[in-house]
Amino acid sequence: MSKMVIDTGNHIAGYAAKAARVQVVAAYPITPQSPVVEQIAEFVERGEMDAEYIRVESEHSAMTACIGAAAAGARTFTATSAQGLALMHEMLHWASGARLPIVMAVVNRAMAPPWTIWADFSDSLSQRDTGWIQFYCASNQEIFDTVLQAYKLCENQQVLLPAMVCFEGFILSHTSMPVKIPDQEAIDDFLPPYDPAWVLDVDNPLSHGNMVSPEWYMEFRYFIQEAMDNAKRLIPEIDKEYGRRFGFEYGGHIEQYRCEDADLVLLSMGTIGSEARIAVDNLRKQGVKVGSARLRVFRPFPREEIRRLVKDAQMVTAIDRQISFGIEGPLFTEVKASLYGEQDRPLAAGFIAGLGGRDVTFHDVEKIAMKSFEWLKTGKVEEEVKWIGLRA
Amino acid sequence: MIKAPKHLKDLPITPLSRPTVASTGITGFWRTFRPILEPAKCNRCLICWIFCPEGCIKRGTEDMPEIDYDYCKGCGICANECRLGAIKMEREGL
Amino acid sequence: MDWFKSVKQMVALKELPKEEWILSGNAACAGCGASLSLRLTYKALGPRTVFVIPACCTTVIAGPFPYTAFSSPLLNMAFEATAAATSGVVAAFRKRGIKDVTVVGWAGDGGTADIGIQALSGAAERETDFIYIMYDNESYMNTGIQRSGSTPYGAWTTTTPTGKRQNKKNMPLIMAAHDVPYVATACISYPLDLIAKLRKAKEMKGTRYIQILTPCPPGWRFSTEKTIEMGRLSVQTGMWALFEFDQGRFRLSGPSAALIDKEKRKPIEDYLQKQGRFEHLTKEDVTMIQKWIDQTWENYKKLQLNVYSP
């Protein structure tokens with residue numbers, strides 16, 4: 001029987017780990033992620049979730065324990081934020097290099113100093129080179145669905161990469177929303193038990209991770225890139241299948257809203273994408289032809305999707321909840337990189353918004369849209385990196 | 001002996017290795033001195049066998065030690081530990 | 001005297017398995033103490049053993065892809081992460097119902113006493129069911145003989161060229177303070193003692209910690225044939241003691257038991273003079289080291305009488 005719950009994003013992530021029949025969880029608390037691991041602890045101790053729960057002593061050990069458990073053949077899950085994710089950085093590389101399909105909930109929180117507990121994407125986007133698939137959610141339902149889709153994707157023998165399911169701290173993690181949890185039998189049919197590609201087995205001994213000379217290292221990296229390309233292909237397929245089975249789907253790589261005839265496409269990730277829909281409706285009422293595209297997947301970056309999306313648009317504006325110091329927002333950079341080879345390129349602008357949990361409302365998105373149109377009229381983007389909401 | 005991969009398709013997706021003797025080659029070539037056992041002096045106490053770091057002293061017929069010169073690195077521990085002086089180190093290749 | 005003892009041990013030696021599970025032709029140095037400790041560990045635990053090892057000398061001994069010198073499963077791991085990865089392996093095996101497999105976290109002194117201590121402490125506090133073995137060559141040997149927390153006072157290393165100023169970190173006592181069911185020290189020069197302790201540990205549950213002194217010819221500066229001699233001298237001078245904390249109860253083992261009597265301990269010069277890493281020591285240094293050893297053995301006396309707890 002499916003059921004409706006009304007609960008916070010964090011607790012829903014816990015529900016999803018339980019639904020995915022995760023076998024080993026190793027996690028360390030950090031605000032605003034702690035309720036995820038608390039929920040899982042409750043499930044395990046009440047006997048509702050049949051998993052081993054390792055209450056590790058740091059995030060670095062959390063990811064390491066997940067790697068050990070996955071190498072020993074278990075489906076694993078963990079969760080973290082900001083400093084914790086940064087502490088795990090070394091082991092993020094390890095998980096992808098070892099081709100272990102670990103799924104991790106990242107409750108986005110801005111990096112310190114200054115100390116903050118509020119959201120931006122500086123934690124997850126800082127890890128974009130580590131070979132992890134990255135999903136960005138905009139609702140609690142999506143968090144639940146994406147965790148399940150992530151396991152299905154990651155455990156596919158053509159992928160075998162770990163994935164982050166990211167959602168903004170407090171905005172989603174601590175906000176209650178109604179979520180439909182499908183029937184467990186139906187979930188089991190969608191997500192069969194984990195079948196590892198390699199495993200530690202005394203009856204079939206192997207060593208993993210021995211030294212590799214320059215003669216072969218590049219090839220192992222090439223395989224990861226290949227896997228990312230496979231993931232890019234499979235993501236919309238899995239999303240569609242999930243939609244058929246459970247009634248929820250998110251447009252594959254990009255959730256598009258009123259982009260078909262848009263002159264300006266607003267590109268964003270996470271909840272800014274939700275706000276953007278309201279802004280789009282308001283602006284459309286005034287006759288402005290604008291659309292919102294919420295990138296659901298940052299890694300692998302959906303270049304082909306982006307090119308198709310803006311084919312008939314005159315301008316694309318990227319709203320980044322992160323800045324890569326020394327250049328600009330990563331979403332902006334990668335959008336431009338995707339469009340560079342195109343014959344007809346739209347004008348492109350990038351905005352920095354919402355760092356450290358600064359509220360980004362549909363008013364702000366409307367401002368961004370109007371600024372973009374201003375530049376579109378003159379045909380020139382006046383500021384390469386435009387900060388929204390900065391105090392004077 | 002595992003064959004070294006030549007082509008992309010020979011590689012596993014992640015570095016997985018299988019148990020192999022001579023993983024670093026025929027380490028007998030490392031030697032400057034080689035241990036020579038005099039069976040007449042040996043009482044088969046197995047001290048040399050247990051202390052060989054390489055495990056390349058084998059227990060032969062009735063536990064008579066047999067040194068595997070393919071892999072013996074010539075460290076000299078066996079000669080140094082033998083209480084009866086049954087093993088002597090001799091200069092290689094002279 | 002030693003020869004007569006070894007005659008007594010002949011019977012037990014003969015019963016040890018003939019099979020070698022660390023395959024020949026590996027990259028260990030000639031005379032490597034760590035290599036021998038690994039070989040002896042396999043003889044004690046057998047081939048149904050899964051090893052997790054960090055970056056260390058053993059990584060080199062394992063050899064380059066696509067080969068490995070280990071004939072049972074091995075998971076290479078990041079430097080500080082041994083005990084955490086092992087926790088994960090243990091949990092997964094338990095969840096999957098895989099029994100009759102020994103899971104061992106195997107690390108050097110750097111990966112245990114320094115960078116790896118957090119993970120080990122956490123795993124021990126969680127009562128993780130595994131054997132953790134620290135092979136102690138008293139420096140970061142794999143990266144070229146830099147000092148570790150386990151380097152003894154006065155030793156030359158490349159990062160303490162005039163000699164380490166601090167004492168050796170007391171890992172066995174630190175682990176005993178974690179209230180784990182079994183802590184033991186061992187030395188490759190006393191193989192039957194080491195194997196007996198490992199086999200005892202194998203039958204127990206919970207976190208079992210064993211620290212093995214493994215002399216290193218290039219790092220300690222002595223000729224390769226003297227590896228076993230160095231280990232023996234370390235025990236005979238009292239520099240290294242063989243003991244157990246069995247369910248919290250301290251007991252000196254093997255040849256160390258008699259050395260409670262100071263007269264029976266060889267003077268520390270016998271040990272220090274034979275290694276190049278100590279050749280710069282002054283008379284004052286040696287006196288200080290001797291005093292420190294005597295003080296340590298006073299503590300062992302108290303521990304044995306249950307007067308003092310770590």
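**Chat on chain contacts and domains**

Me: How is chain A split into domains?
Reply: The domain assignment of chain A gives domain 1 (3-246) and domain 2 (256-387); such bounds come from an automatic or database domain assignment. This is a predicted model, where local features need pLDDT of at least 70, side-chain atom pairs count only at pLDDT 80 or more, and totals for chains, interfaces and linings use all residues. Residues are numbered from 1 along each chain as its sequence is written, and chains are lettered from A and ligands numbered from 1 in the order in which they are written.

Me: What separates the centres of the two domains of chain A?
Reply: The distance is 28 Å, taken over C-alpha atoms.

Me: And how many residues are in contact there?
Reply: Domain 1 of chain A has 25 residues in contact with 20 residues of domain 2 of chain A. Two residues are in contact if their C-beta atoms, placed from the backbone, lie within 7 Å.

Me: Which element of domain 1 gives the most?
Reply: α9(A), with 5 residues on the side of domain 1 that touches domain 2. Helices (H or I, at least four residues) and strands (E, at least two) are DSSP runs, numbered from the N terminus.

Me: How does that side divide by class?
Reply: Into 17 nonpolar, 3 polar and 5 charged residues. Ala, Val, Leu, Ile, Met, Phe, Trp, Tyr, Cys and Pro count as nonpolar, Asp, Glu, Lys and Arg as charged, and the others, Gly among them, as polar.

Me: Switching to chains C and A. How many residues does the contact take?
Reply: 35 residues from chain C and 36 residues from chain A. On the chain C side, α4(C) gives the most, with 11 residues. That side has 19 nonpolar, 11 polar and 5 charged residues.

Me: Which strands pair between them, and in what sense?
Reply: Strand β9 (residues 207-208) of chain A pairs with β3(C) in the parallel sense, over 2 bridges. Two strands pair if DSSP finds at least two bridges between them. Opposite H208(A) stands L75(C), in β3(C).

Me: Now B and C. How many residues?
Reply: 38 residues come from chain B and 36 residues from chain C. α2(B) has the largest share of the chain B side, 4 residues. By class, the chain B side has 20 nonpolar, 10 polar and 8 charged residues.

Me: Which strand of chain C is joined to β1(B)?
Reply: Strand β2 (residues 67-68) of chain C; the two run parallel, joined by 2 bridges. Y67(C) in β2(C) is the bridge partner of R18(B).
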